Amino acid sequence: MDIAKKEPIQDGIGWRKDSSTPSLPEVHHSMKVPKKAGFFRKLLAFVGPGYLVAVGYMDPGNWATDLAGGSQFGYTLLSVILISNLMAILLQALSGRLGIVTGRDLAQACRDHYSKPVSYVLWFLCELAIAACDLAEVIGAAIALQLLFGLPLIYGVILTALDVILVLMLQKKGFRYIEAMVISLIALIMVCFIMELIFSQPEFAAVAAGFIPTTEIVTNPAMLYIALGILGATVMPHNLYLHSSIVQTRKIEPTIEAKREAIKFSTIDTTIALMLALFVNAAILILSAAAFHSAGKEVAEIQDAYHLLGPMLGTGAASILFAVALLASGQNSTLTGTLAGQIVMEGFLNIRLTPWLRRLITRLIAIIPAVIVIGIYGESGATDLLILSQVILSLQLSFAVIPLVTFTSDRKKMGVLVIPKWMAVLSWFVAILIAGLNAYLLYTTFFG
C-alpha cells in the first residue's frame, strides 16, 4: 500500500496532448517544501497562493455592490456574502487541486483537452475577462489616488502601470517577495476596516442576524438584484487560472502521497485567506449599513462613500482609512491581475515572451480602454466603464468554471486524486447556479 502511494503519477493519461512547458517557468518549483517537518512548519511552506487569490475577492469591483447592499438594506445581505464566499472556497480548492495533481494550470489544461479552435475562443474570452477585471482594479486604484492626493483620474490610471516594474523586481528576488507584499497589503486593508468598524459602532446582534438567510432576499426585487450582483461576481475567472498556476511554485515530489499532502495544505491556506476576504467584504457592507442605512442614505458610488464617511462618523480619519484601504486593494489586484494575464497568454497559446514585454501587454489591455473612455467622456465615464466590465466578466465566468469542474471530476485526468462524488455533485450545482445567476444578470442588464 505504501509503495503504491509513493509511485509517481504518470502524465498524459486522459489528455489529448502531453504537458509541455511548466506554468510560470521563471518561478516554477522555486520554493522548497521541507520533507520532514511538523504540521505548522509544512503549512507555513504552503502559505501564500491563497492570499494572492483572496485579493480578487476584495478588489474595488466588489466595493460598489457591498456599499449599495449595506446602505439600502442594512445587514440583511451579509448572508449572501457568506454563501458566495463558501462557493468561492470550493472552486478555488478545485483550482489548486488541478494544478497540484496534473502539473497544468487551467489555461494549459484547456489547451491540452480541447481542439485548437475551442482553445482560441476560450483564450479570447478569458483575455476579455482579465481586461474587465483589470479595468475595475485600475479605476479603483485611480479613484483612491484622486481621493487621497487630488490626482486627476486619468493620471492615476496611467500611474497604475508601474506595477509592471514592481512585479518584475519582486519576482526577480523570488516569488516569496510577491506573496509577502500581497499579504502585507491585505493586513493593511484589514487594519483599516477594523478601525472603521470601531468608528461606526455597528449593532452586533443585527450583524449576527444578517448572516442568517431570509426569504425577503428572494421576495424583494430590489434586494434580489443586489444579491445577484454579489453572487454573480463571486468567482473571478482570472483567479481560477491564477491559483492553478501559483500552487506549482512549491517543489513537491511527483508522488500520490506528496500531492495528497500538498492538496491538504493548499486547501487550508485557501480557506483561511478567503475567510479574511469574507471579513473585508462583510466589513464594507457593515460599515455602509451602520453609517448610511441608519441615516436613510443610499450610497453606491465609492467617491460618495468617501465624502460622507467623515461627517457621518464624526471623524475625518474614517474617510482617509477608507481611501487607503481602497488604494491597497487596487494595487494588490492589479499586481495579481498582471500575473494572471501572463498565465493565460502562455497557457492557451503556448508562447513565450520576455517578462517585461508580456506584462506590459497585459497592463495596456486594461489601461488603454480606461484612458480612452476617461479622455472622451470625462471622469463620469469611469462608472459606465465599471458597469460594462462587470457585464463582460459575467459573460466569461462559466467558461472557466465549467472546464475546471469537468477536469477535476474526471478520473482519467486526476487518477486516484479525483474529487470525491459529493464534491463533484456540489461543484456542478455551484457551476450551474453561477451560470444561471449570470445569465439572469445579463438579461436584466440588457432588457431589464
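## Reading a predicted model, feature by feature

Reader: Take one member, Leu364. Which helix is Leu364 found in?

Author: Leu364 is found in helix α18, residues 355-377. For helices in general, there are 3.6 residues a turn, so residues three or four places apart point the same way.

Reader: Is Leu364 buried, partly exposed or exposed?

Author: Partly exposed, because its relative accessibility is 37%. The cut-offs are under 20% for buried and over 50% for exposed.

Reader: Now salt bridges. How many does the structure hold?

Author: The general idea comes first. Side chains of opposite charge can pair when their charged atoms come close. This structure holds seven salt bridges.

Reader: Which arginine forms a salt bridge with Glu179 at 2.7 Å from a strand?

Author: Arg250 does, with the closest N and O atoms 2.7 Å apart. Arg250 lies in strand β2, residues 250-251, and Glu179 in helix α10, so the pair ties together parts that are 71 residues apart in sequence. Both Arg250 and Glu179 are buried.

Reader: Which residues are linked in a network of salt bridges?

Author: Arg104, Arg111 and Asp112 are linked in such a network. Within it, Arg111 forms a salt bridge with Asp112, and the closest N and O atoms are 3.4 Å apart. Arg111 is buried, and so is Asp112.

Reader: On to cysteines. How many disulfides does the structure hold?

Author: A disulfide is a covalent bond between the sulfur atoms of two cysteines. This structure holds zero. Cys110 is in no disulfide; the nearest cysteine sulfur, that of Cys126, is 8.4 Å away. Cys126 is likewise in no disulfide, with the sulfur of Cys110 as its nearest, at 8.4 Å. The cut-off for a disulfide is 2.5 Å between sulfurs.

Reader: Are Cys110 and Cys126 buried or exposed?

Author: Cys110 counts as buried because its relative accessibility is 0%. Cys126 also has 0% relative accessibility, so Cys126 counts as buried.

Reader: How should I read the length of helix α4?

Author: Compare its span with the expected one. Helix α4, residues 60-73, has 14 residues. From first C-alpha to last, α4 reaches 20 Å, close to the 20 Å expected at 1.5 Å a residue.

Reader: How many residues of α4 are buried, and what follows just after α4?

Author: Helix α4 is mostly covered, with 11 of its 14 residues buried. Among them are Trp63, Asp66, Leu67 and Phe73. Just after α4, Gly74 takes a positive phi of about 65 degrees.

Technical notes
Residues are numbered from 1 along each chain as its sequence is written. This is a predicted model: local features need pLDDT of at least 70, side-chain atom pairs count only at pLDDT 80 or more; totals for chains, interfaces and linings use all residues. Side-chain values use heavy atoms; hydrogens and water are left out. Helices (H or I, at least four residues) and strands (E, at least two) are DSSP runs, numbered from the N terminus. The expected span of a helix is 1.5 Å times one less than its number of residues. Buried means under 20% relative accessible area, exposed over 50%, partly exposed in between (1.4 Å probe, protein chains only). A salt bridge is a side-chain nitrogen of Lys or Arg within 4 Å of a carboxyl oxygen of Asp or Glu.
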